[in-house]
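This report describes a chain from its single residues up to its overall fold.

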Amino acid sequence: MKLEHHFIASLLLSIILLPFYGLYSFLALAGGLLLDFDHYLFYIAKSKNFSLKKAYNFCLNNRYTNVLCIFHTLEFMLLLILLSFLIPYFFIVTIGAVVH
């Protein structure tokens with residue numbers, strides 16, 4: 001999914017959660033978008049380049065096969081769920097990551 005689609009889906013989720021969590025609902029937006037940070041880390045490791053624009057273009061033009069995107073793993077999701085029990089507002093971040 002493209003970054004724009006993640007942004008729109010996460011923003012809609014944040015708006016839906018707004019009546020229940022107030023401005024904290026935008027943590028779902030952060031959770032939905034920051035989950036793709038592992039793609040950027042992979043790009044840096046592969047190319048030794050920190051350019052966000054080049055990383056974005058790379059991610060659009062390449063398939064991720066045989067690549068471990070650490071923030072997309074079951075273990076990371078379980079960590080988010082555990083953090084949700086320890087830090088109440090982390091629950092909203094977790095919702096954004098799961099919807100991602």
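F71 is buried, its relative accessible area being 18%. Buried here stands for under 20% relative accessible area, exposed for over 50% and partly exposed for what lies in between, with a 1.4 Å probe and protein chains only. The model is a predicted one, in which local features need pLDDT of at least 70 and side-chain atom pairs count only at pLDDT 80 or more, while totals for chains, interfaces and linings use all residues. Residues are numbered from 1 along each chain as its sequence is written, and side-chain values use heavy atoms, with hydrogens and water left out.

**The chain as a whole**

The chain has 6 helices and 0 strands, and its pattern along the sequence reads α-α-α-α-α-α. Helices (H or I, at least four residues) and strands (E, at least two) are DSSP runs, numbered from the N terminus. Taken along the principal axes, the C-alpha atoms fill a box of roughly 40 × 25 × 20 Å. The chain has 100 residues, of which 31% count as buried. Among contacts (heavy atoms within 4.5 Å) with a separation of 6 or more, 53% are between residues 24 or more positions apart.

**Aromatic pairs**

Rings of Phe, Tyr and Trp (its six-membered ring) pair if their centres lie within 6.5 Å; planes under 30 degrees apart count as stacked, over 60 as edge-to-face and the rest as tilted. The structure holds 5 such aromatic pairs. Two of them are set out below.

| Pair | Centre to centre | Between the planes | Kind |
|---|---|---|---|
| Y24 and Y89 | 4.0 Å | 20° | stacked |
| F71 and F76 | 4.8 Å | 40° | tilted |

Which parts of the chain does the pair of Y24 and Y89 tie together? Y24 lies in the loop between α1 and α2, and Y89 in the loop between α5 (74-86) and α6 (90-99), so the pair joins parts that are 65 residues apart in sequence. Y24 is partly exposed at 43% relative accessibility, and Y89 is partly exposed at 40%. Elsewhere, ring pairs link F42, Y43 and F58 into a cluster.

**Helix α3 and the residue after it**

Helix α3 covers residues 37-47, and H39 lies in it. D38, H39, Y40, Y43 and I44 are buried in this helix, and what covers the buried residues of α3 includes α4. An α-helix has 3.6 residues a turn, so residues three or four places apart point the same way.

H39 has a relative accessible area of 17% and so counts as buried. Leaving out residues up to four places away in sequence, H39 touches C59, Y64, C69 and H72.

K48 follows α3 and sits in the loop between α3 and α4 (52-61). Is K48 buried or exposed? K48 is exposed, with a relative accessibility of 66%. The phi of K48 is near 60°, a positive value in a residue other than glycine. The side chain of K48 reaches the backbone oxygen of A45 at 2.8 Å.

S14 is part of helix α1 and is buried, at 0% relative accessibility. Apart from neighbours within four places in sequence, S14 is in contact with S25, F26, A28 and L29.

**The largest pocket**

Rolling a probe the size of a water molecule over the atoms shows where empty space is left. On a 1 Å grid over the protein atoms alone, a pocket is an open set of points where a 1.4 Å probe fits, with protein on both sides within 12 Å along at least five of seven lines; lining residues have an atom within 4 Å of a point. Grid points are joined across faces, edges and corners, and a volume is the space filled by probe spheres set on the points.

The largest pocket has a volume of about 550 Å³. Its lining has 19 residues, and those nearest the centre are L3, D36, H39, Y56 and C59. The elements that give two or more residues to this lining are α1 (3-21), α2 (27-34), α3 and α4. α4 gives the most, with 6 residues. The lining divides into 12 nonpolar, 4 polar and 3 charged residues. In this division Ala, Val, Leu, Ile, Met, Phe, Trp, Tyr, Cys and Pro count as nonpolar, Asp, Glu, Lys and Arg as charged, and the others, Gly among them, as polar.

Technical notes: Polar contact = N/O pair within 3.5 Å; in protein donor to acceptor, adjacent residues only side chain to side chain.
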